[in-house]
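Here are my notes on this one, in the order I'd go through them with you. Have the viewer open while you read.

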Amino acid sequence: MKIFSTEHCFEYPWEQVSAANWKKYPNEMSTHVIAVDVLRREIDSQSGVLRTERLITCKQAIPSWVLALVGGSDVSYVREVSEVDPRAKTLTLRSVNLTMNTLLSVYETVVYSPNPKDPANSTSFTQEAQITAYASFRRLCNKIEDWSVDRFHQNAKLGKAGFESVLQKVAQKVQEGVFRDEKLAM
């Protein structure tokens, strides 16, 4: 198993970041995400936590040697379960790949919370992915895990850049007073 982890600070308040999460895809930097479908959404009446389950469809550039070994397609599916806790001001996303999970399991956790150094104006982002390959040969597992960590790193950089552009658009709409009406329509 290999671990990928990263941290980042978005210079936007947590409220804007958590609202922008629902408008994250599509964006020009994360073109591998081709669809996001909400499967379930509910609010816990006791805690006020919003739980959402989504199916994310991705089209990845998978090496031909991987497809030749295991078959399959370059289209993959990811199940994401998120929790927005408005009291604790946390947005936690947990995801797992559904495609090729007998070859490779990827468990990802992302947490957005107010930055302790400037909670009113910036948001901390932490991301961790546990990547485990399954094969008869450890050397093959290592190669698959190494490739997956590299790919995860590339997608994470693109994802942050794409999310920054979404955040800029949301911030502009908030300043114009437009986003409030859109939030009500979601």
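1. A quick convention before anything else: a contact here means heavy atoms within 4.5 Å. With that, among contacts in the protein chain between residues at least 6 apart in sequence, 57% join residues at least 24 apart.

2. On provenance: this is a predicted model, where local features need pLDDT of at least 70, side-chain atom pairs count only at pLDDT 80 or more, and totals for chains, interfaces and linings use all residues. Residues are numbered from 1 along each chain as its sequence is written, and side-chain values use heavy atoms, with hydrogens and water left out.

3. Secondary structure: I get 4 helices and 7 strands in the protein chain. These are DSSP runs numbered from the N terminus, with helices being H or I of at least four residues and strands being E of at least two. The order along the sequence is β-α-β-β-α-β-β-β-β-α-α. The radius of gyration of the protein chain is 18 Å, close to the 16 Å from the globule rule for 186 residues, so the chain is as compact as a globular protein of that length. That radius is taken over C-alpha atoms, and the rule is 2.2 Å times the number of residues to the power 0.38. Along the principal axes, the C-alpha trace spans about 55 × 35 × 35 Å.

4. Burial: 41% of the 186 residues are buried. Buried means under 20% relative accessible area, exposed over 50%, and partly exposed in between (1.4 Å probe, protein chains only).

5. How many disulfides does a search of the whole structure find? It finds 0, taking a disulfide as a pair of cysteine sulfur atoms within 2.5 Å.

6. Two backbone spots to look at. Most residues other than glycine have a negative phi. Lys89, not a glycine, has a positive phi of about 55°; Lys89 sits in the loop between strand S4 (75-85) and strand S5 (90-97) and is partly exposed at 32% relative accessibility. Met100, also not a glycine, has a positive phi of about 55°. Met100 is placed in the loop between S5 and strand S6 (104-114), and is partly exposed with a relative accessible area of 23%.

7. Charges: the protein chain carries 23 positive and 22 negative side chains, with the centres of the two sets 3 Å apart. Lys and Arg count as positive and Asp and Glu as negative, leaving out His and the chain ends; each charge is placed at NZ of Lys, CZ of Arg, CG of Asp or CD of Glu.
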